[in-house]
Amino acid sequence: MKIKGCFTAAISFCMLVLLFCGCGRQQSEVPEKIQVGVACYNQSDVFLGELVSCLKQQFEELEDSGIEITVMVRDAAGSQRTQDDQVRELIDMNCNVLCVNLVDRADPSEIIDLARDNDVPIIFFNREPVAEDMMQWEKLYYVGAKAQQSGEMQGELAADAVAGDAQTDRNRDGKIQYVVLEGEPGHQDAIIRTESAVDTLKSKGVALEKLGSGIANWDRAQAQNRMQQLLSQYPNQIEMVLANNDAMALGAIDAYKKLNYTEAALPVFFGIDGTEAGLEAVIEGKVAATVYNDKEGQAQAIGNLAVAAVTGRGMDEMAFENEKYIYLPYQKVTEENVREFLY
Ligand code: GAL
Ligand code: CA
């Protein structure tokens, strides 16, 4: 009896020890299932739509490599309020990492609070929060590209086009009369692209005369509208169109077509992004050149970072700047190399 009692006590003790060890292991164990919530500002934005497709494909590839991943995508259709609600819903659905493309890049506080309260890391992408907000919590990251670089490249491409073709200066006054089509006010890629493109052209010795500019919020139809207005003010005077993205460069071309301008009367157009339609337009010689916004590279960085943020593995291999930023380089696209960018 006594021996049996001792034996039972010993067994119970062992079981307790096992239970404790087990609990301990479970607590420090990282979740192997990755549940990604992706929140987009507006999927009708052409570049963004293509970037999100790349991101979905990236997560599929990670899944093929043996990591268990589920992805839920939400589109805020331009409303920060909607996006805040969508993030709350994604967290309620047990997402353990969020990829957020903010609607209002100056207003991420609600999302950051929600994520921090639930210990869900956030990878912001494409729309960069201001630096102070990025400091609010250590589990905030950003993946994107440097606006200044894209503007400089656009300026260099435009300077090359002017140097390579005397016809660009259509009225032969020694200056290039130009207009700018700008993205959303307040977006890191709008003002900076315009300034650095124009500064680069000037630094390359191109004499410029700005005729006007229009805000078209990255959108082709709005750009067509703005361009038609500019054309009614400056008919036959515009020699160059600098657009902050491809969709707006294409919208500008639509305006000329709508107003029945002949091919010979067209200015040179420059875009940024290298969207499918943008690359096509470079191949056809409609857009003189664009700058590739590396959506595949960005998607890959977001995917790898999402896995690392959840599992804790692979964080050391991330190419961070300032501990939380990953920037992919832009590339110049002309008719000479455009085919290298077709996937
Ligand atoms: C930019 C891109 C634009 C637009 C914008 C949305 O990087 O060049 O076309 O997609 O992001 O935030
Ligand atoms: Ca001129």
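A polar contact is a pair of N or O atoms within 3.5 Å; within protein, one atom must be able to donate a hydrogen and the other to accept it, and residues adjacent in sequence count only if both atoms are side-chain atoms. This is a predicted model, in which local features need pLDDT of at least 70, side-chain atom pairs count only at pLDDT 80 or more, and totals for chains, interfaces and linings use all residues. Residues are numbered from 1 along each chain as its sequence is written, chains are lettered from A and ligands numbered from 1 in the order in which they are written, and side-chain values use heavy atoms, with hydrogens and water left out.

**Ligand 1**

| Residue | Distance to an oxygen atom of ligand 1 |
|---|---|
| D45 | 2.7 Å |
| N126 | 2.6 Å |
| H187 | 2.8 Å |

Taken alone, ligand 1 exposes 310 Å², and the protein buries 99% of that (Shrake-Rupley method, 1.4 Å probe). The shell holds 13 residues, and D45, N126, H187, D189 and D273 come nearest (a residue is near if one of its heavy atoms lies within 4 Å). By class, the shell splits into 4 nonpolar, 4 polar and 5 charged residues. Here Ala, Val, Leu, Ile, Met, Phe, Trp, Tyr, Cys and Pro count as nonpolar, Asp, Glu, Lys and Arg as charged, and the others, Gly among them, as polar.

Ligand 1 lies between domain 1 (34-145 + 295-328) and domain 2 (148-292), because both give residues to its shell. The domain bounds come from an automatic or database assignment.

**Cavities**

The whole structure has 2 cavities of 30 Å³ or more. A cavity is a set of points, on a 1 Å grid over the protein atoms alone, where a 1.4 Å probe fits but cannot get out; lining residues have an atom within 4 Å of a point. Grid points are joined across faces, edges and corners, and a volume is the space filled by probe spheres set on the points.

The largest cavity has a volume of about 110 Å³. Ligand 1 sits in it (more than half of its atoms lie within 2 Å of the grid points). Its lining has 13 residues, with D45, F47, N126, H187 and W218 nearest the centre. Domain 1 and domain 2 each supply at least three residues of this lining.

The second largest cavity has a volume of about 50 Å³. Among its lining residues are N126, Y142, D189 and Y330. That lining divides into 3 nonpolar, 5 polar and 1 charged.

How values were computed
1 Å grid on protein atoms, 1.4 Å probe; cavity = no way out; pocket = protein on both sides within 12 Å on 5 of 7 lines; lining within 4 Å.
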